[in-house]
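Subject: Structure for you to look over

Hello,

I am handing over the structure we spoke about. Please open it first; my notes follow below.

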Amino acid sequence: MPRNALNLALLLIATLLISACSKQSIYDSAIGWERSSAGLETAEVTVGELDITYLRSKEAVEGDTLVLIHGFGANKDNWTRLAKEFKGEFNVYAIDLPGHGDSSKPLDIGYRFEDQVNYLNQVLAELGVKQFHMMGNSMGGAITALYAATHPDQIQTAVLFDPAGIFEYESELVDRVLDGDNPLIPKKKGDFDKLLDFALEKRPFVPWPIFDVMEEKAIANREVNEVIFAAIRDTGFEPDFRDAITRIEAPVLVVWGKLDRVIDYRNADVFVDAIPNARKVLLDDIGHAPMVETPAESARLFREFLADNVK
């Protein structure tokens with residue numbers, strides 16, 4: 001068992017011995033421990049009618065700022081293990097996008113990529129974050145790319161982990177959605193386990209009480225997830241996104257797991273061909289979320305990328 005997983009298991013055992021805890025309290029303790037060990041704390045900001053929750057570094061450092069954008073149906077805690085790799089090195093912000101995590105989940109706002117770029121820009125302006133490196137995964141990768149194209153003066157570098165936005169090469173997900181089965185939206189007990197198996201080649205250790213709460217949250221979010229998915233499902237086949245990313249000025253690193261069943265890794269070449277200053281790294285034996293599946297390797301790739309592009 002990995003050291004982090006062992007520490008988490010010991011924490012849960014201690015919690016259970018001290019008191020008869022609900023699954024929710026165990027979940028809260030475990031998530032709090034993960035965040036704290038990564039040097040992060042939760043905070044909230046209001047933008048218009050949206051309450052946005054995010055993680056930020058507990059202690060400011062002299063280094064650059066790193067903004068982290070999760071994917072569809074995910075949340076800010078997808079980044080805690082990668083953020084731990086950068087503890088004391090960067091000022092980290094991991095944002096819960098509208099409709100996700102602990103942020104507001106209205107059903108009557110726009111959720112296309114350009115809408116989400118606008119919300120994110122308002123959030124970062126409210127936080128006073130002006131220049132930064134941005135990383136995004138899946139839907140968050142598409143948002144990161146479009147943000148870099150729309151606000152070039154703010155982005156120092158961008159990292160796209162298995163980004164959405166282009167489906168030149170179709171994936172198993174496309175086939176399943178066309179058949180009426182979307183594995184990214186859990187509807188009943190057991191679906192969340194299938195989602196993780198579908199999206200991740202290397203699943204991190206998640207104890208059962210935490211897993212149960214994560215599954216309950218995913219099922220409870222079904223309605224808003226269906227609204228968001230409907231807003232973004234066809235963007236990968238439309239020309240607007242591809243045209244926009246040709247305007248990116250910042251250096252871009254595209255990292256893709258070769259065993260990704262959600263978005264085919266061959267789309268990495270399309271991104272690299274479209275973005276003026278981009279390079280790709282393909283990872284064997286990794287699925288749709290490299291920053292979750294191999295955080296140390298993801299951090300190493302970013303540091304090497306910075307060394308080559310930031311003087």
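The model is predicted.

Strands

Strand β1 covers residues 40-47 and pairs with β2 in the antiparallel sense, over eight bridges. The two strands form a hairpin with two residues between them.

L55 has A94 in β4 as its bridge partner.

Helices

Helix α9 spans residues 222-232, and its buried residues are V224, N225, I228, F229 and I232. These residues lie on the same side of α9, because they cover an arc of only 135° around the axis. The face of α9 turned away from the buried side carries two exposed residues, E223 and A230. What do the buried residues of α9 pack against? Their partners are α4 (113-127), α5 (139-150), α6 (172-178) and α8.

Two of those partners, α4 and α5, also meet each other. Their axes come within 9 Å and cross at roughly 70°. An angle from 65 to 115 degrees counts as roughly perpendicular, so α4 is roughly perpendicular to α5. From α4, the residues in this contact are F113, E114, Q116, V117, L120, N121 and L124. From α5, they are M139, A142, I143, L146, Y147 and T150. By class, the contact of α4 with α5 has nine nonpolar, three polar and one charged residues.

Two single residues

D212 sits in helix α8, which runs over residues 208-220. Is D212 buried or exposed? D212 counts as buried because its relative accessibility is 17%, where the cut-off for buried is under 20%. Leaving aside neighbours within four places in sequence, D212 is in contact with K23 and K189.

S36 is found in helix α2 (residues 23-37). At 35% relative accessibility, S36 counts as partly exposed, since that class lies between the 20% limit for buried and the 50% limit for exposed. Not counting residues up to four places away in sequence, S36 touches K58 and K87. For a sense of distance across the model, S36 and E238 are 41 Å apart in space, C-alpha to C-alpha. In sequence, S36 and E238 are 202 residues apart.

Regards

Conventions. Residues are numbered from 1 along each chain as its sequence is written. This is a predicted model: local features need pLDDT of at least 70, side-chain atom pairs count only at pLDDT 80 or more; totals for chains, interfaces and linings use all residues. Side-chain values use heavy atoms; hydrogens and water are left out. Two strands pair if DSSP finds at least two bridges between them. Helices (H or I, at least four residues) and strands (E, at least two) are DSSP runs, numbered from the N terminus. Buried means under 20% relative accessible area, exposed over 50%, partly exposed in between (1.4 Å probe, protein chains only). Contact means heavy atoms within 4.5 Å. The arc is that of the directions from the helix axis to the C-beta atoms. Axes are lines fitted to C-alpha atoms, for helices over the stretch in contact, and angles run from 0 to 180 degrees between N-to-C directions. Angles under 35 degrees count as roughly parallel, over 145 as roughly antiparallel, 65 to 115 as roughly perpendicular and the rest as oblique. Ala, Val, Leu, Ile, Met, Phe, Trp, Tyr, Cys and Pro count as nonpolar, Asp, Glu, Lys and Arg as charged, and the others, Gly among them, as polar.
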